[in-house]
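Subject: Structure for your review

Dear colleague,

Please find the structure below, followed by an account of what was found in it. I would be grateful if you would read the two side by side.

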Amino acid sequence: MTIKTSPGRGANSALDAPSSLNPNNTLQRALEPVAGASTLDRRLAALPTLEDRLLEIVRTVEGRVTFSTSLGIEDQAVLNAIAASGANIDVFTLDTGRHFPETLETLETSENRYGLKIRVMFPDAHEVEELVSRDGIQGFRFSIENRKACCDVRKVRPLKRALAGAAGWVTGLRREQSAGRSHVAFAAWDSADGLVKLNPLADWTFQQLEDYIAANDVPVNPLHARGFPSIGCQPCTRAIKPGEDIRAGRWWWENEDGKECGLHNRPRQKDAAA
Ligand code: SF4
């Protein structure tokens, strides 16, 4: 990642010491994107609005900035802010082939509302055929390994294709969403993808999110009003009961620990399920 420098910043920052000053210092070169992301993290934390944070992201990150939307309520807030601010951010979503019809309706409604195109990434057809042939059409229910293999083919691999060549990846992650997300940064270097991962909603509470959605009349997936705070694929998502964790409806048959699809905590490639 290359971070554009700000006028007036101190000369001692790691960002002010380009590797060209010391081309043999590989440690310094390795630390530069980490330091750059850390500086951006502090800048974003100080900005009051979502729109300001997105504009700062596109001002600071050199290269393509892309936003992955699941069309859930957090991502709809980010989409609204992209449209409102005019920030030059590419938007894409992953169509796993197992979505709720309401999610696809939200996709179309959003494109019409904001007059922008959301790139739809699909899984490789041959990989899906092999997966289903090996594990069955509902094979993800039989074991965690099967479930991770399905998420890998339908989500992780298309995500990697969508992120290829990007310098920044914007998400709608919030620290409040789960214990596993409680330390999400506004900006952090993602060495696996070679880009800076950007979470402009990191510190938002659900109340802030609801207020933003209401104030801006943002279209949301109607399933949220039916007890689905977190919406994934149809066979892997159920409504939650009062008092349950907001991600309790995702892969509910699995242990609570580490219930992620691999999009935001991907294993290294050699560890990934086949
Ligand atoms: S959420 Fe379920 S259906 Fe969707 S990709 Fe993962 S295992 Fe497959």
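Is Gly 97 buried or exposed? Gly 97 is exposed, because 12 other C-beta atoms lie within 10 Å; a residue counts as buried with 20 or more other C-beta atoms within 10 Å of its own, as exposed with 12 or fewer, and as partly exposed in between, the C-beta atoms being placed from the backbone.

Before going further, please note that this is a predicted model, in which local features need pLDDT of at least 70, side-chain atom pairs count only at pLDDT 80 or more, and totals for chains, interfaces and linings use all residues. Residues are numbered from 1 along each chain as its sequence is written.

Overall composition

The protein has 7 helices and 6 strands, where helices (H or I, at least four residues) and strands (E, at least two) are DSSP runs numbered from the N terminus. Their order along the sequence is α-α-β-α-β-α-β-α-α-β-β-β-α. Of the 274 residues, 36% count as buried. Among contacts with a separation of 6 or more, 70% join residues 24 or more positions apart; a contact requires two C-beta atoms, placed from the backbone, to lie within 7 Å.

Helix packing around H3

Helix H2 (residues 50-60) and H3 have axes that come within 9 Å and cross at roughly 70 degrees. H2 is therefore roughly perpendicular to H3. The axes are lines fitted to C-alpha atoms, for helices over the stretch in contact, and the angles run from 0 to 180 degrees between N-to-C directions. Angles under 35 degrees count as roughly parallel, over 145 as roughly antiparallel, 65 to 115 as roughly perpendicular and the rest as oblique. The crossing of H2 and H3 is right-handed; a crossing has that hand if the near helix is turned clockwise from the far one by less than a right angle, and is left-handed if anticlockwise. On the H2 side the contact involves Leu 50, Glu 51, Leu 54 and Leu 55, which meet Ala 77, Ala 81, Ile 82, Ala 84 and Ser 85 in H3. These residues divide into 7 nonpolar, 1 polar and 1 charged, with Ala, Val, Leu, Ile, Met, Phe, Trp, Tyr, Cys and Pro counted as nonpolar, Asp, Glu, Lys and Arg as charged, and the others, Gly among them, as polar.

H3 (residues 73-85) also packs against helix H7 (residues 206-215): their axes come within 10 Å and cross at roughly 50 degrees. H3 is therefore oblique to H7, and the crossing is left-handed. Here Ile 73, Glu 74, Gln 76 and Ala 77 in H3 meet Leu 209, Tyr 212 and Ile 213 in H7. The contact comprises 5 nonpolar, 1 polar and 1 charged residues.

The ligand shell

The shell around the ligand holds 13 residues, of which Phe 140, Cys 150, Cys 151, Cys 233 and Cys 236 come nearest; a residue is near a molecule if its C-beta atom, placed from the backbone, lies within 6 Å of it. By class, the shell divides into 7 nonpolar, 2 polar and 4 charged residues.

Individual residues

Gly 97 lies in the loop between strand S2 (90-94) and helix H4 (101-114). Residues up to four places away in sequence aside, Gly 97 touches Pro 123, Val 128 and Arg 154. From Gly 97 to Pro 123 the C-alpha distance is 8.2 Å, across 26 residues of sequence.

Two residues other than glycine have positive phi. Leu 71, with phi of about 70 degrees, sits in the loop between strand S1 (65-68) and H3. Leu 71 is buried, because 24 other C-beta atoms lie within 10 Å. Asp 217, with phi near 50 degrees, is in the segment after H7, and is exposed, with 8 other C-beta atoms within 10 Å.

Asp 41 lies in helix H1 (residues 26-46) and is partly exposed, with 18 C-beta neighbours inside 10 Å. Its contacts beyond four places in sequence are Ala 185, Phe 186, Ala 187 and Ala 188. The C-alpha atoms of Asp 41 and Ala 188 are 7.0 Å apart, although 147 residues separate them along the chain.

Yours sincerely
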